[in-house]
Every structure is written in structure tokens, then in C-alpha cells.
Amino acid sequence: MQRLSEQILAHAEGLTEGTPVSAKSLLHLGNRAAVDQALSRLAERGQLIRAGRGVYLRPVTSRFGTRSPSVEQAVEALASQRGEVIVSSGAAAANTLGLTTQVPVRSVYLTSGRTRKMNLGKQVVELRHAPRWQLVLANRPAGEAVRALAWLGPEKAEAALMALKRKLPQTTFNELVAAAPQLPTWLARSVGKAAHG
């Protein structure tokens, strides 16, 4: 069993910071039960961080000690490993775009996958399942605008869209207008008014 643990650690060492390790990606080293048990033991010893159900991360060691990988890197790696779309929440997008001064306290991301939590040391990252229209134009500035508008809601959308029309580059605003057919009626109507009114 010790040999399997060493093989898993060697595999994890070869990965970039924040890349998740799961039992399914280690089945070439042994059977599923043995791999699960070895991962669990490595987490108990602090050699791996259990980020969530079946998801482990290698802690980052620096001259200041060990820490969890950065949230952004872990989320990005999880998205590519699982084939999901994972993007920042509407509140974070609204703050980034200057539509609100509120700074989100919790780390919340929207995902095309199931709702779940990831533990990165003492920080809890919440992954919330979102409707497809909120994930449109995923990692583009226009997609960030869609999520911010969804978070602001129908009452504040038109005023926010006028501000976005002034702030965003014309190409980005045109992308938002082009995505309008994929949005809910209330948001598509507001985007149309801002674009043509």
C-alpha cells in the first residue's frame, strides 16, 4: 500500500498547481478500492487536500510553509478536468464591471455541473448549478455582463445596461446584443432597448 501512496504522490507532484487528482485518473496504478484508500490516507496525513467528494489537490509548499492552491487555479483545473463551464458569480461580475461597490465575501462560482462545495484549506468555494443562459459567452467580458445583469435583476437591468453601453468596448457590447436571443425575455428586451433605443 505504501508503494501505491508513493506513486500517487509522484503523480500529483508532476501536475501543475491546482490540478485536481481523482481516483478515476489513477486507476492505472491499482484497483479503485486501493486507490480510494490511499487517497484518503494521504489526505489524513496532510500530503493531499481533500477539496470535495472524490477530488484531491496537492498542497503548495513555499518558504512560508504549505498552503492550498489558489481558488482561480483550482476552479480552472476542475472545469477542464470535468468538462464543465465554471465562471464567476453575478455578484463578482457586477463588482468587476463597476456596477456595484459590494465585494462578495464568499467565493461563489456558477457551473454547468451539479451544485457542490470545494474546500481549499479554510476557504470554502461554492459551485452553484446555473441555467445555460447565464453561462453563455462563458469567459468573455460580454458573458460577465450577462451574469452581472442576471444578478442585478429586471428592476436594475436597464440602468445597468446604459452604464455598460458607455463603459464596454463597442465590440463587447455588440456581442452582448448578439447573445440576446439566448437570454430570458426580460433581459433580451432590456438589451434591445439599450442597443436600439
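E84 is buried, with a relative accessible area of 15%; buried here means under 20% relative accessible area, exposed over 50% and partly exposed in between, using a 1.4 Å probe and protein chains only. This is a predicted model, in which local features need pLDDT of at least 70 and side-chain atom pairs count only at pLDDT 80 or more, while totals for chains, interfaces and linings use all residues. Residues are numbered from 1 along each chain as its sequence is written, and side-chain values use heavy atoms, with hydrogens and water left out.

**The whole protein**

The protein has 8 helices and 8 strands. These are DSSP runs numbered from the N terminus, with helices (H or I) of at least four residues and strands (E) of at least two. The C-alpha atoms fill a box of roughly 70 × 35 × 25 Å along the principal axes. Of the 197 residues, 45% count as buried.

**Around E84 and T111**

You will find E84 in the loop between α3 (71-82) and β5 (86-88). Leaving aside neighbours within four places in sequence, E84 is in contact with A79, T111, S112, G113 and R116, where contact means heavy atoms within 4.5 Å.

T111 counts as buried because its relative accessibility is 0%. The T111 side chain reaches the backbone nitrogen of G113 at 2.9 Å. Beyond its neighbours within four places in sequence, T111 is in contact with several residues, including V85, I86, L127 and L135.

**The strands**

Two strands pair if DSSP finds at least two bridges between them. Here are two pairings that involve β8 (residues 123-129).

| Strands | Sense | Bridges |
|---|---|---|
| β6 and β8 | parallel | 5 bridges |
| β7 (residues 116-120) and β8 | antiparallel | 5 bridges |

L127 is a handy landmark in β8: Y109 stands opposite L127, and L127 is also the bridge partner of R116. The hairpin of β7 and β8 has 2 residues between the strands, and G121 takes a positive phi near 70° there.

**Two cores**

A nonpolar core is a set of buried Ala, Val, Leu, Ile, Met, Phe, Trp, Tyr and Cys residues joined through side-chain atoms within 4.5 Å. The largest has 24 residues, of which L97, L99, L149, L161, L164, L176 and V191 touch the most other members. Elements giving two or more residues to this core are α4 (90-96), α5, α6, α7 and α8. The largest share, 6 residues, comes from α5. For a closer look at one member, L176 is in contact with A142, A145, V146, L149, L161 and V191, leaving aside neighbours within four places in sequence. A second, separate core of 15 residues includes A51, V75, Y109 and L127.

**Helix α8**

The buried residues of α8 are L187, S190, V191 and A194. They cover an arc of only 100° around the axis, so they sit on the same side of α8; the arc is that of the directions from the helix axis to the C-beta atoms. What covers these buried residues includes α5 (141-152), α6 (154-167) and α7 (170-178). On the face turned away from the buried side, α8 carries the exposed residues T185 and H196.

How far apart are the end C-alpha atoms of α8? They are 16 Å apart, which agrees with the 16 Å that the 12 residues of α8 (residues 185-196) should span at 1.5 Å a residue. That expected span is 1.5 Å times one less than the number of residues in the helix.

Note on methods
A polar contact is a pair of N or O atoms within 3.5 Å; within protein, one must be able to donate a hydrogen and the other to accept it, and residues adjacent in sequence count only if both atoms are side-chain atoms.
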